[in-house]
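Subject: Structure for your review

Dear colleague,

Please find below the sequence and the structure that I am handing over to you. My findings follow after it.

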Amino acid sequence: MNKIFAKNLFCLILISLCFNPKAQDHNIKKRINDYLESKVEQGLFSGNVLVSVKEEIIFSKSYAYANLEWQVKNNSKTVFRIGSLTKQFTAAAILLLEQRGLLSVDDFLSKYLPDFPNGDKISIHNLLTHTAGIVSVTNPGILKSNKEILSIDQVIDTFKKLPFEFEPGTTFKYSNSGYVLLAKVIEISSGLSYKDFMKANIFLPLGMTSTKCDDNMLIMPFRATGYSRKGRNLQNAEYIYMGIPVGGGSIVSTIEDLYTWDRALRTNRLLLEKTKKRMFTPFLNSYAYGWGIREISGEIATTHTGGINGFSSNIMRFPESNVCLIILSNYEFASSGQLNKDLSEIIFD
């Protein structure tokens, strides 16, 4: 027994030493920066990057421009659209309402929207895990235009009568429509608009002062301009009315606020331990509640990528090693998920 204990202890110490960036490579910050600088020089990245290891931010840097026309550089306060990273906040709001006894993820949609087709077969769990079979509102041809000003009810009307793609609960297929419906469930359950609920119950309590639901008309300090690419040339991204991706892609944030979010998820400040366990338990296709669960660089990661007109983002969290990588870019073509994967390989050597 003593030999086995000693052997196991030695292995644990060895693993700990191997995963100590300072012991592993004194130039780890340089390696990260060199990698990102190469992407900037190739015209493949503009934005902010943050890396934390064991409660310490070991790397945080801004690259290129928040606004090319005025040559305003990105900085740590720059606000980016985060696309589908929004989904983890919507999922947290649903679970917070469940903690308060105002709903259950096992509830059927018909309880909240009685006239929604198949509502008695679609659970909130199905909406959270992309297993409801509802056509995604962002599929080509569903909306007349991304520029049309629509209320949340009008967005739902664009897809509610379309044929279902499969029987609820049987298959995974990513659908932004499910998260629009979740935003509506939040409104009905709380009596607040989605925007007001998120602000009052998640963003402000956690001190995420730069995080909010986007508003095209709002004058927003430090807001980044989003860019797309035509051939090799940059151009302003196509306009989208930000009421359309409500619940699934409508939030803006900063790397500092998203790091605060990561810290909050490591405590019980917002969600209880048993609630977080549900949030990170995958259902079909390794997808949980607003998070993908993947093995990356030899360790299980909770991660999600966001893409929306002009912007690309990724958050990658390694719970076991207490590592978090956050990338926010105002280039919609930036491969933020791959960038973070490459950075994780540098971190884990």
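Rings of Phe, Tyr and Trp, the last taken by its six-membered ring, count as a pair if their centres lie within 6.5 Å. Please bear in mind that this is a predicted model. A search of the whole structure finds ten such aromatic pairs.

One of these pairs is formed by F89 and F203, whose ring centres are 5.9 Å apart, with 70 degrees between the planes. The pair counts as edge-to-face because the angle between the planes is over 60 degrees. It links distant parts of the chain: F89 belongs to helix α4 (residues 86-99) and F203 to helix α8 (residues 194-206), and the two are 114 residues apart.

Are F89 and F203 buried or exposed? F89 has 0% relative accessibility, so it counts as buried. F203 is buried as well, because its relative accessible area of 2% is under the cut-off of 20%. Ring pairs also join F89 and F203 with W261 in a cluster.

Rings also take part in contacts with charged residues. The charged end of R229 sits over the ring of F333, at 4.2 Å from the ring centre. R317, in turn, lies over the face of W291, 5.8 Å from the centre of the ring.

Which strands pair with β12? Strand β11 (residues 299-308) pairs with β12 in the antiparallel sense over seven bridges. Among the partners, H304 is bridged to I315 of β12. Strand β13 (residues 323-329) also runs antiparallel to β12, and seven bridges join these two strands. Here F318 has V323 of β13 as its bridge partner.

Both pairings are hairpins. Between β11 and β12 there are two residues, and G310 in the turn has a positive phi of about 90 degrees. Between β12 and β13 there are four residues, and N322 takes a positive phi near 55 degrees.

Yours sincerely

Technical notes:
Residues numbered from 1 in each chain as written. Predicted model: local features only at pLDDT ≥ 70, side-chain atom pairs only at ≥ 80, totals over all residues. Heavy atoms only, no water. Pairing = 2+ DSSP bridges. Phe/Tyr/Trp six-rings, centres within 6.5 Å; stacked < 30°, edge-to-face > 60°. Buried < 20%, exposed > 50% of the residue type's maximum accessible area, 1.4 Å probe, protein only. Lys NZ or Arg CZ within 6 Å of the ring centre and 35° of its normal.
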